[in-house]
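Have the 3D view open and follow along.

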Amino acid sequence: MALENEKIILANWKMQLSYQETIDLAEALKKELKKYKNKKLEIGLCADFMTIPKLSEILKDTQIKLGCQNIFWEDRGAYTGEIMIDNLKNFNVHYAIIGHSERRKFLQESDEMINKKIKQALKNKIIPILCVGENFEERQNGQKDLAIIKQIKSALSEIKTNDIEKIIIAYEPIWVIGSGQAIQAEEAEHTNRIIKEVVLDTLMTADKNLNRKSLDNKIKLIYGGSIDASNILNFIKQKNIQGVLVGSASLKKEKFIHLINAII
Ligand code: PGA
């Protein structure tokens, strides 16, 4: 099957692989993905910070882009334990996952912190992959849309209109992450349409003269949560799902390649 427009496939390796496992997987994918060079695919690997220097070497001169899984919002200073963004830029880091639900949960990342990180990524020409999504309780209580709208509005507060096309927004229902059971693609499409409307509203609030229509196709929306080779095509076929963020199914070469093969 030939892809109509460019699709984005992003691996989120989380803290799942050792240094050597990461390097071996990247080397193997580099070899394997050579033949996909002219396909309409944007492929990114979001890895552990410690592996970034070596990955930057391995992925040099390939079409595979490198990503990290977090950044800090200041350039430098007394921030013990944080990573300097200039150091990431030195290694050609192209994306940064921001506001993943695991960080919101385990590290108490707030909407305000996430907004600062988005601004810092944009200032440094790193593509933020902003993750939003509802937890199971919010869903059960009929609060799903409200929860997502709140996350989007805060994360994108004071973002310049021109910057919107430099952001990837990933809808990830928290309760299906890592479960092996994705939601229905149609539901993800519906949610992404809501997200798009909220993004447009947020931008229009800041500037009433904006042309809503012209912005529409600049908003990049993807889906994440138990994506694998068996379900990816359903998601990719949706109008408002331009790609996927993949955790578990990206940790083994065969599985990840199988998943990519399912859409091309
Ligand atoms: P999963 O993880 O594919 O294992 O559900 C996705 C994510 O957390 O980004």
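This is a predicted model: local features need pLDDT of at least 70, side-chain atom pairs count only at pLDDT 80 or more; totals for chains, interfaces and linings use all residues.

What follows starts at the ligand, moves to one helix, and then takes a few residues in turn.

Residues are numbered from 1 along each chain as its sequence is written, and side-chain values use heavy atoms, with hydrogens and water left out.

## Around the ligand

Which residues are around the ligand? They are Asn12, Lys14, His100, Glu172, Ile177, Gly178, Gly225, Ser226, Leu245, Val246, Gly247 and Ser248 (being near takes a heavy atom within 4 Å). By type, that shell splits into three nonpolar, seven polar and two charged residues.

| Residue | Protein atom | Distance to a ligand oxygen |
|---|---|---|
| Asn12 | side-chain N or O | 3.4 Å |
| Ser226 | backbone N or O | 2.7 Å |
| Ser248 | polar side-chain atom | 2.5 Å |

On its own the ligand has 280 Å² of accessible area, and the protein covers 99% of that. These areas come from the Shrake-Rupley method with a 1.4 Å probe; for residues, only the protein chains shown count as cover.

Two of the shell residues deserve a further look. Ser226 sits in the loop between β7 (220-224) and α10 (232-236). (Helices are DSSP runs of H or I with at least four residues, strands are runs of E with at least two, and both are numbered from the N terminus.) Ser226 counts as buried because its relative accessibility is 13%; buried means under 20% relative accessible area, exposed over 50%, and partly exposed in between, with a 1.4 Å probe and protein chains only. Its phi is positive, near 60 degrees, in a residue other than glycine. Most residues other than glycine have a negative phi.

Lys14 is in the loop between β1 (7-12) and α1, and at 18% relative accessibility this lysine is buried too. Its side chain makes a polar contact of 2.8 Å with that of Glu102. Leaving out residues up to four places away in sequence, Lys14 touches Cys46, Gln69, His100, Glu102, Ile177 and Gly247 (contact means heavy atoms within 4.5 Å).

## A serine in a nearby stretch of sequence

Ser250 lies in the loop between β8 (243-246) and α11 (253-261). With a relative accessible area of 0%, Ser250 is buried. Its side chain reaches the backbone oxygen of Gly247 at 2.7 Å, and Gly247 is one of the residues around the ligand. Setting aside residues up to four places away in sequence, Ser250 also touches Ala11, Asn12, Trp13, Leu25 and Phe256.

Next up is helix α2 (residues 52-59), where Ile52, Leu55, Ser56, Ile58 and Leu59 are buried. They lie on the same side of α2, because they cover an arc of only 165 degrees around the axis (the arc of the directions from the helix axis to the C-beta atoms). What do these buried residues pack against? Their partners are α1 (19-33), β2 (41-46), β3 (65-68) and β4 (93-98). Just after α2, Asp61 takes a positive phi of about 65 degrees.

Cys68 is in strand β3, and is buried at 0% relative accessibility. Beyond four places in sequence, its contacts are Cys46, Ala47, Phe49, Ile52, Leu88, Val93, Tyr95, Ala96 and Ile97.

Ala121 belongs to helix α5 (residues 111-123) and is buried, at 0% relative accessibility. Although Ala121 and Ile71 are 50 residues apart along the chain, their C-alpha atoms are separated by 7.6 Å.

Definitions and conventions:
A polar contact is a pair of N or O atoms within 3.5 Å; within protein, one must be able to donate a hydrogen and the other to accept it, and residues adjacent in sequence count only if both atoms are side-chain atoms. Ala, Val, Leu, Ile, Met, Phe, Trp, Tyr, Cys and Pro count as nonpolar, Asp, Glu, Lys and Arg as charged, and the others, Gly among them, as polar.
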